[in-house]
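Colleague: Could you take a close look at one part of this structure for me? I'd like to hear about the sheet in the first chain, and then whatever else you can tell me about the other chain.

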Amino acid sequence: MNFRDGAHNLYHIIVAIGYLGLQLLWYFLQIIVSAWYYILIAGNIFESYFISYGVLKKYKSLHIGKLQYLAIVIESEDAHQTSKVVKLLQWLDSVGVKNVCLYDMNGVLKKSKETIFQTLKNAKSIEEVNEDVTHHAPDHMTLEFVSYVDGKEAVAKAANLIFVKNFKQHNIGGVLDHQISLEPHLNQALQIVGCKGPEPDLLLVYGPVRSHLGFPAWRIRYTEIVHMGSLNFMRYGSLIKAIYNFTKVRHNYDFPKASSQPSTRNK
Amino acid sequence: MFSLRLPIPLEKTLITSLPKTSTTYSAYSGMTRFQVCHRYLSNSITKRGTSVVAFQDEADGEIFVDEDFLEVDPLPVELQPELMPKHVAVIMDGNGRWAKMKGLPTSAGHVAGTQSFKWIVKLCYSWGIKVLTVFAFSMDNWIRPKVETEFLLNLFERSILSQVEECKRKGIQISVIGDTSKLPKSLKSMIANAEETTKENPKFQLILAVSYSGKYDVVQACKSVAKKVQDGLLHLEEINENIIEKELETNCTEFPYPDLLIRTSGELRVSNFLLWQLAYTEFFFNKKLWPDFGKDEFVEALSSFQNRQRRYGGRH
């Protein structure tokens, strides 16, 4: 009996030690993974500072010509930080990015428009610029302010405009019979309701979520989308890196990409 | 409704009690679904290392194995079943580049891509995702060489033909969205047959975007709205974004808005895919080419999705 009890106790001790060993192994693995994660974050931060101070030579020359129109999506909560938005725009101006579309879902940036224009002396609104914004001389920035109402709601308004116009002309049958021709009508109608901006080449998302948060869908068919993290932690180096990567990477379009105009391309 | 019984009841095999893993997506009323990965032997059947789904009747505790769920992949421990996205969309990019890297013809890349496609369908089905939408063929792809487009469409037709009955048996509903007017007649007929055959009692919906573009979808939705106005079913002043949304081709599903979009091959674009529907979709861009995208990469995408804070701005 004693032997049996002893064996039983020994078994329990071995199981307990084994269980403890597995727990220690699990915690050790968690530490390893967390450490690797923090090393990656630190690496990104250091790289960003090296880029900012010009240590990494390859980022010194950016071929901005490829980036004709840039869109920036900002979380509406962060968009209240007008000073950060202005700082971001000043960084873009300094590297030669002159045409920028600013988007936040709730229209906070639209309300801050005046403040932003007052701070940025050489910026103009897209409504003031008559010619194609991608071809104007780069002596000033062109800013476009967009919110959710310029997306799906704008498409609905544009569609409504077409239907009203065609019903008045008793020509709705033409719209229905030729679906392909409806697309250029929609493009024109979107211009009329105020959606003048071209399709961005690159869209930078500042926020916790990797989503474009309702940016006008009509305009991002072939737009590169890069998540930049929260606006609170924006870094000049990260911005340069994102733009650099866009200009350097070969874009595998399935067709010759036209200029960034709201177009009827891709027939 | 209930599964087939094995020749020997499971109580007499190695599976004596089943750990409860999840009931959130039980398809059988009165039953609790488990996922078991055991080796078990019986006198007449040997199944080694096969993942099975066993059901325990809540009333009397009797255990059944559903043959229809054989070879289901168990949910990895790092994923939480309650945080799984309901709708996943995938842009299967990189077949051509994969083939080029291997020194193979482009067609070989597409064939390899179909294996990844079948794999991801199986994983979505196994892990409780309700809808999977794949960008099989874009409207932009029509400009590719005719040889390639014909091969792709032929491959697509053969794939549907070979999978329809199994999909029907497993409760997988097949839906196809896109402008099918340009497709060969045989393919159109195949699609219609597949949709009709698989439309009943879906446990999982597979949406294939063929000859599709997001802009086309919005345009056809506007056309449908215009038709309704012309027919007197709608007034002009009633037209708003919600009316247009109801006419999009993704209204074939209960969950038209993807929670997660995965794009392979390192491209960072949506390429005219589900433009309207992606407003609040999480993007996951992976550098792997589509034929190399497997379970590990999919788990990484889902894990990343589950770890993110999602906001809808009050407009979801």
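Modeller: Strands β2 (residues 99-103) and β4 (residues 141-146) of chain A run parallel and are joined by five bridges. Keep in mind that this is a predicted model. At one spot in that pairing, A:Tyr103 sits opposite A:Val146 of β4(A). In general, strands in a sheet pair up through backbone hydrogen bonds, and they can do so parallel or antiparallel.

Now for chain B, starting with the aromatics. Over all chains, the structure holds 12 aromatic pairs. Take B:Phe135 and B:Tyr212: their ring centres are 6.2 Å apart and their planes stand at 85°, so this pair is edge-to-face. B:Phe135 is in strand β7 (residues 131-138) of chain B and B:Tyr212 in strand β9 (residues 204-212) of chain B, so the pair links distant parts of the chain, 77 residues apart. B:Phe135 has another ring partner in B:Phe273, with centres 4.2 Å apart and planes at 15°, so that pair is stacked. B:Phe273 sits in the loop between β10 (260-263) and β11 (282-285) of chain B, so its pairing with B:Phe135 of β7 ties together parts that are 138 residues apart in sequence. Put together, B:Phe135, B:Tyr212 and B:Phe273 form one aromatic cluster. B:Phe135 and B:Tyr212 are both buried, with B:Phe135 at a relative accessible area of 8%. B:Phe273 counts as buried too, at 0%.

Last stop is helix α5 (residues 214-230) of chain B. The helix has 17 residues and spans 24 Å from its first C-alpha to its last, close to the 24 Å expected at 1.5 Å a residue. Of those 17 residues, 12 are buried, so α5(B) is largely enclosed by the rest of the structure. After the helix comes B:Gly232, with a positive phi near 80°.

Technical notes: Residues numbered from 1 in each chain as written. Chains lettered and ligands numbered in written order. Predicted model: local features only at pLDDT ≥ 70, side-chain atom pairs only at ≥ 80, totals over all residues. Heavy atoms only, no water. Helix = DSSP H or I, 4+ residues; strand = E, 2+ residues; numbered from the N terminus. Expected span 1.5 Å × (residues − 1). Buried < 20%, exposed > 50% of the residue type's maximum accessible area, 1.4 Å probe, protein only. Phe/Tyr/Trp six-rings, centres within 6.5 Å; stacked < 30°, edge-to-face > 60°. Pairing = 2+ DSSP bridges.
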